[in-house]
Amino acid sequence: MHIIDSHTHVDEYEAFGWFDPPEVIIELLDEAGIEQAVVMTYADAPVLKSDALQYIHDACKKYPDRLIPYARINPHANNAATLLEEAIVDLGMKGLKIHQESVTASAHHKAVVSLVKKAAVFNAPILLHSGDEPLSLPQQFTRLAEEAPEATIILAHMGGYHHTDDAILVCEKYDNLLVDTSACPYPHKIKEAIERLGAHRVLFGSDGPGCNPKLELQKIRRIELSEKKQQLVLHDNIMSILEGVRHTAPGRRPHCS
Amino acid sequence: MLIDGFTMVGTSINGYQLGAEELLASMSSNGVDKGVIVPVQPMTYRLEPQNEAVAVMQMRYPDRFIGFCRIDPRQGEYAIAELWRCVLQLGLKGLVLHPMEEGYTINDAPAIRLVREAGSLGVPVIVAAGYPWVSHALQIRSVAEQAEGTTIIMSHGGQINISGLAQADAFLALETCNSLHIGTNGVYRQDFLEKCIDAFGPERVLFTSMAPIFHQGFELDRVRSIKMKESDRGLVLGENMTRILEDSSRTAYEPRG
């Protein structure tokens with residue numbers, strides 16, 4: 001089965017002490033038998049890392065058959081919308097990542113809502129952190145889901161350690177919310193999410209390289225899904241989302257692919 | 001000898017349950033030889049009968065179970081007396097503190113006193129660690145500093161945070177306090193465990209599943225996914241717990257009269 005890991009990182013960022021050039025995730029993907037991975041930086045462009053988008057673009061150019069780029073952008077930046085448009089139209093990026101703790105804004109902050117709506121113009125998915133931290137609580141996603149119903153919004157980590165039930169609950173309420181399985185420590189909760197939301201709304205992700213993709217995959221194997229559901233979770237769901245991304249903007253031609 | 005250093009048996013007021021037979025079946029299917037068993041917080045709020053039940057399970061399956069008692073330190077003199085009863089009369093081998101479920105802060109004076117008492121009785125202490133406000137790693141280090149000589153094992157790698165934001169504190173606690181150890185259950189980013197093993201040695205890391213909250217088989221997968229010297233993996237998987245318990249039995253308090 002062709003597998004796409006919908007949540008991994010490529011970055012060398014001293015402040016966090018995480019040094020993961022593209023070769024690190026490629027080696028782990030090989031170990032796990034995973035063909036492709038969505039990648040993003042640890043640091044947000046342009047505030048923490050001015051060249052973050054170029055860095056991720058270069059990494060994906062090096063491994064074009066393996067790595068799929070998302071733009072990680074701080075929505076507070078004055079040029080956030082422009083950067084996102086350039087990333088999708090000019091650099092061929094496939095999605096937007098926002099980490100609310102890193103950018104000090106909850107999911108319903110107006111800057112986040114604005115950038116999410118911008119991503120939705122391109123039909124690009126938006127991966128947001130979710131967990132137990134004060135700016136990442138799943139219940140905070142309800143306002144965002146209401147204000148950007150056209151956006152495809154993925155709750156990374158399925159609510160972390162103690163907000164898994166909340167993550168499933170808000171996804172039940174809003175059709176434009178999905179979850180990824182990355183680092184969720186509870187295989188039985190992933191199974192529950194699939195039962196309650198449908199396998200089409202649960203995406204396999206590892207949050208590698210820190211979280212080992214092979215171990216994360218083992219979590220999916222342990223819940224013994226039917227082959228059809230595995231196919232959706234491990235590949236088809238993210239593939240259909242990525243295929244829907246439009247790399248054009250009105251009145252603008254891309255500079256390069 | 002593969003030892004799971006932290007499991008909880010009984011029916012918890014917090015909505016989870018695990019029976020002795022069910023745990024034995026899980027251990028057998030996962031190749032776990034022995035498990036540390038700990039009472040849950042029951043519907044009655046009374047831990048003493050739970051400690052007795054754990055002692056009975058330990059007597060019934062001496063080759064499979066290692067019983068630890070669970071005590072609420074806010075009970076003051078009564079808590080001290082219960083610790084003595086559990087160790088000296090019931091033959092339990094360690095103490096577990098769960099500040100989150102019982103509702104106290106780990107470095108409050110009564111908890112420090114109980115940890116000191118455990119040290120003087122020569123038994124190790126497991127702390128349900130990483131819960132913000134009540135048991136984060138530096139609060140536990142504060143306890144360790146005031147209860148010198150007591151072996152303390154922090155569950156969850158000493159931190160519960162799915163952004164990795166609490167890892168620096170857990171690392172600092174381990175770096176500055178040799179009596180602290182970590183359990184592996186639910187740890188976000190396996191490279192944190194690898195970093196701890198590199199920095200402090202494999203002797204400070206123990207396999208704990210914290211079943212039934214976490215899945216014993218998947219938590220074993222987690223330990224097996226750690227990139228470390230194969231010759232050292234046995235330490236994490238059981239030899240460290242064996243050593244800690246043997247050290248305890250050597251230094252154990254001799255009851256008077």
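Author: Happy to! In chain A, eight strands make an open sheet with parallel pairing, in the order β1-β4-β5-β6-β7-β8-β9-β10. Strands here are DSSP runs of E with at least two residues, helices are runs of H or I with at least four residues, and both are numbered from the N terminus. Two strands pair if DSSP finds at least two bridges between them.

This is a predicted model, in which local features need pLDDT of at least 70 and side-chain atom pairs count only at pLDDT 80 or more, while totals for chains, interfaces and linings use all residues. Residues are numbered from 1 along each chain as its sequence is written, and chains are lettered from A and ligands numbered from 1 in the order in which they are written.

You can find one spot by eye: A:I4 has A:Q36 in β4(A) as its bridge partner.

Across β1, β4 and β5 (67–72) of chain A lies helix α1 (residues 22–32), which runs at about 150° to β4(A). Such angles run from 0 to 180 degrees between N-to-C directions, with axes as lines fitted to C-alpha atoms, for helices over the stretch in contact.

Next, follow chain A to its partner: 20 of its residues are in contact with 17 residues of chain B. Being in contact means that the C-beta atoms of two residues, placed from the backbone, lie within 7 Å. On the chain A side, α8 (187–197) and α9 (213–222) are the elements that give two or more residues. The largest share, five residues, comes from α9(A).

Chain B has an open sheet too, with six strands in the order β5-β6-β7-β8-β9-β10 and parallel pairing. Its edge strands, β5 (69–70) and β10 (205–206) of chain B, each pair on one side only. Two bridges join β10(B) to strand β9 (residues 180–183) of chain B, and B:I182 stands opposite B:V205 in β10(B).

As for confidence, the model scores ipTM 0.93 and pTM 0.95. Chain B has a mean pLDDT of 95, with 96% of its residues at 70 or more; pLDDT is the predictor's confidence in each residue, from 0 to 100.
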